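Okay, thanks for coming, everyone.

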Amino acid sequence: MIVPSSLARDAGIAVNRGIVVDDGMMTSDPNVFSLGECAEHRGICYGLVAPLYEAARVLADRLIGGTSEYHGSVVNTKLKVTGINLFSAGDFAEAPDREEIVLRDASAGIYKRLVLKDNRIIGAVLYGETADGSWFFDLMKRGIDISQMRDTLIFGQSYQGGSPLDPMAAVAALPDDAEICGCNGVCKGKITTTITGKGLTSLDDVRAHTKASASCGSCTGLVEQLMALTLGDAYNPAAVTPMCTCTELGHDDVRRLIKAKGLKTIPAVMQELEWKTSCGCAKCRPALNYYLVCDWPDEYADDYQSRYINERVHANIQKDGTYSVVPRMWGGVTNAAELRAIADVVDKFEIPMVKVTGGQRIDLLGVEKEDLPAVWADLGKAGFISGQAYAKGLRTVKTCVGSDWCRFGTQDSTGFGIRVEKFMWGSWTPAKLKLAVSGCPRNCAEATCKDIGVICVDSGFEIHFAGAAGLDIKGTDVLGLVKTEDEALEHIVALTQMYREQGRYLERIYKWAKRIGHDEIRRQIMGDPEKRRAYYDRFVFSQTFAQVDPWSERVSGKDKHEFKPMATISYNQAAE
Ligand SMILES: Cc1cc2nc3c(=O)[nH]c(=O)nc-3n(C[C@H](O)[C@H](O)[C@H](O)COP(=O)(O)OP(=O)(O)OC[C@H]3O[C@@H](n4cnc5c(N)ncnc54)[C@H](O)[C@@H]3O)c2cc1C
Ligand code: SF4
């Protein structure tokens with residue numbers, strides 16, 4: 001890879017807008033080839049991945065002595081901005097020999113424009129509804145005469161003939177060289193032959209082997225239709241994965257049956273749903289415990305033995321067997337008295353490491369297990385409760401300084417974040433839940449990669465959800481804009497309760513949202529006030545049982561045996 005301008009120019013290589021290459025990707029120096037965004041081929045610098053792959057194929061062939069030629073690419077692109085569906089391909093410049101077909105439906109948010117020349121599509125822009133992008137693009141690339149279908153052309157592929165066709169038939173009718181995945185330049189034929197050739201049955205496998213749908217994912221629906229066409233009955237996207245080897249039932253069925261049959265204990269679930277093992281396993285027990293806590297907050301007694309070690313001892317176990325302790329700091333705000341109390345605890349218990357976390361908390365690392373209750377007792381005297389940094393539940397609400405201090409702040413993001421945290425602490429969720437509130441779109445609290453985030457704006461509170469910044473990285477989707485703090489709280493709480501009720505154990509909010517659909521979540525939380533209120537009320541009811549500080553309970557003696565050191569036995573004693 002050569003960066004144009006100075007480097008190439010200094011080497012005496014011809015540079016125009018980019019490094020000039022011929023059809024073999026060769027620069028003006030026969031020993032140097034160029035590829036990618038920096039290269040200029042026939043006067044064009046491409047800014048998308050697909051043409052670069054096409055050029056790379058040619059260059060690879062040249063490097064092994066072949067004679068392939070690159071003749072340029074017709075490109076299309078889909079804009080990947082949350083909430084905006086936009087497809088664009090080809091040429092839109094006005095000219096006397098060009099015609100346009102336009103469909104505009106403002107209230108549905110749809111705009112489609114086709115540019116024609118000599119009865120052939122030479123440009124297409126679709127806004128709002130972009131499913132026909134690949135079809136228009138294919139007609140354009142192949143220069144198909146559209147005069148026979150001109151009347152219905154703008155309505156898309158499935159309307160050819162005057163009435164909607166089965167969408168599967170539409171995919172089946174695409175030629176093998178129709179591009180399905182614009183990001184990675186993958187055609188229909190490549191996908192179908194790879195599915196049959198390699199015996200692929202899952203979307204993940206197809207992504208891994210072909211790269212189709214592996215980037216922005218907007219072609220996922222098409223790829224799934226191709227899988228269904230190619231595999232027939234062998235394709236079963238909805239096949240249920242059992243919760244574990246103790247049952248044939250999947251998480252959703254178990255949740256549904258817990259409610260439908262009024263099952264309120266783990267043994268009752270196992271008996272009624274015909275578990276294959278007598279006591280379950282490390283996979284199903286924590287999941288069942290969560291589902292029962294969530295569904296019967298007032299009746300179910302939490303089964304502490306069904307929890308993982310961190311949730312049993314309310315601290316995070318470290319690799320050396322010691323624990324880390326994170327007190328709750330509402331909204332990430334602290335003061336001198338709290339910091340003094342933390343410093344005293346650190347000195348008294350000789351805690352070797354104090355670390356500020358990404359969630360705006362202070363982490364005390366290296367605490368011996370038997371010291372935990374005493375550490376908590378001292379922290380409790382300073383007003384601290386557990387930060388639940390170990391919980392599949394509400395962890396942190398990170399905030400920026402907001403309108404109280406920052407000249408850009410539009411709302412009191414700190415105050416609102418603290419309010420949210422005080423409302424939601426103690427709640428159990430399918431997986432950990434991290435929130436953030438930023439006082440303006442500069443987003444210093446990084447709210448747009450959180451499970452739920454809020455961006456304050458002059459007109460209110462923009463609520464975001466389903467972000468991720470761990471193994472997966474994903475920006476949030478917008479749930480909607482509300483005017484007041486009260487409304488924002490109600491929406492956030494209702495969204496959390498919906499996730500609590502529908503999420504599978506250990507399923508983060510972004511995975512849940514992808515599974516059930518972002519639009520469905522928006523429909524229920526933004527578009528259905530009654531449903532939203534019902535979710536909110538159920539959360540509030542559940543909190544009356546959940547907001548008990550586990551540290552102070554253990555300081556008072558609960559689960560004492562957990563914190564007793566194992567007896568030290570000498571060899572002689574052991575031998576007796
Ligand atoms: C936000 C964003 C979203 C995009 N989304 C899409 C999309 O959805 N679909 C699509 O088809 N395309 C998309 N693109 C465009 C696509 O990413 C680029 O066209 C493509 O990555 C270009 O590949 P490249 O190898 O030419 O350059 P790059 O991918 O930019 O690689 C250049 C490399 O050279 C390195 N480099 C730079 N200077 C030097 C130096 N002096 N010495 C050594 N190394 C150096 C850089 O660090 C970099 O790793 C997107 C681009 C952006 C910015
Ligand atoms: S997000 Fe905005 S309001 Fe908050 S600190 Fe940053 S600039 Fe200030």
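**Rings, strands and a ligand**

Let's start with a lysine: the charged end of K264 sits over the ring of W296, at 4.5 Å from the ring's centre. Before I go on, keep in mind that this is a predicted model.

R442 lies over the face of F408, and here the distance to the ring centre is 3.6 Å. Both of those residues, R442 and F408, also turn up around ligand 2, along with C400, C406, G409, G439, C440, N443 and C444. So what is that shell made of? Sorting the residues around ligand 2 gives 5 nonpolar, 3 polar and 1 charged.

Okay, stepping back for the overall layout.

Now, aromatics. How many aromatic pairs does the structure hold? The count is 11. Take F416 and F461: that pair is tilted, with 5.3 Å centre to centre and 50° between the planes. F416 belongs to helix α14 (residues 413–424) and F461 to strand β17 (residues 460–465), so this pair ties together parts that sit 45 residues apart in sequence.

Y499 is in helix α15 (residues 485–502) and W512 is in helix α16 (residues 509–516), which puts them 13 residues apart. Y499 and W512 are both buried. And there's a cluster as well, formed by Y290, Y291 and Y505.

Last stop: back to β17, the strand that carries F461. β17 is mostly covered, with 5 of its 6 residues buried. What does β17 pair with? On one hand there's strand β16 (residues 452–457), antiparallel to β17 and joined to it by 6 bridges. A hairpin of 2 residues connects β16 to β17, and V457 stands opposite G460 in β17. On the other hand there's strand β20 (residues 477–482), which pairs with β17 over 5 bridges, also antiparallel. There, F465 has D477 in β20 as its bridge partner.

That's my tour, so over to you for questions.

Terms used
Residues are numbered from 1 along each chain as its sequence is written. Chains are lettered from A and ligands numbered from 1 in the order in which they are written. This is a predicted model: local features need pLDDT of at least 70, side-chain atom pairs count only at pLDDT 80 or more; totals for chains, interfaces and linings use all residues. Side-chain values use heavy atoms; hydrogens and water are left out. A residue is near a molecule or strand if one of its heavy atoms lies within 4 Å of it. Ala, Val, Leu, Ile, Met, Phe, Trp, Tyr, Cys and Pro count as nonpolar, Asp, Glu, Lys and Arg as charged, and the others, Gly among them, as polar. Rings of Phe, Tyr and Trp (its six-membered ring) pair if their centres lie within 6.5 Å; planes under 30 degrees apart count as stacked, over 60 as edge-to-face and the rest as tilted. Helices (H or I, at least four residues) and strands (E, at least two) are DSSP runs, numbered from the N terminus. Buried means under 20% relative accessible area, exposed over 50%, partly exposed in between (1.4 Å probe, protein chains only). A charge sits over a ring if NZ of Lys or CZ of Arg is within 6 Å of the ring centre and within 35 degrees of the ring normal. Two strands pair if DSSP finds at least two bridges between them.
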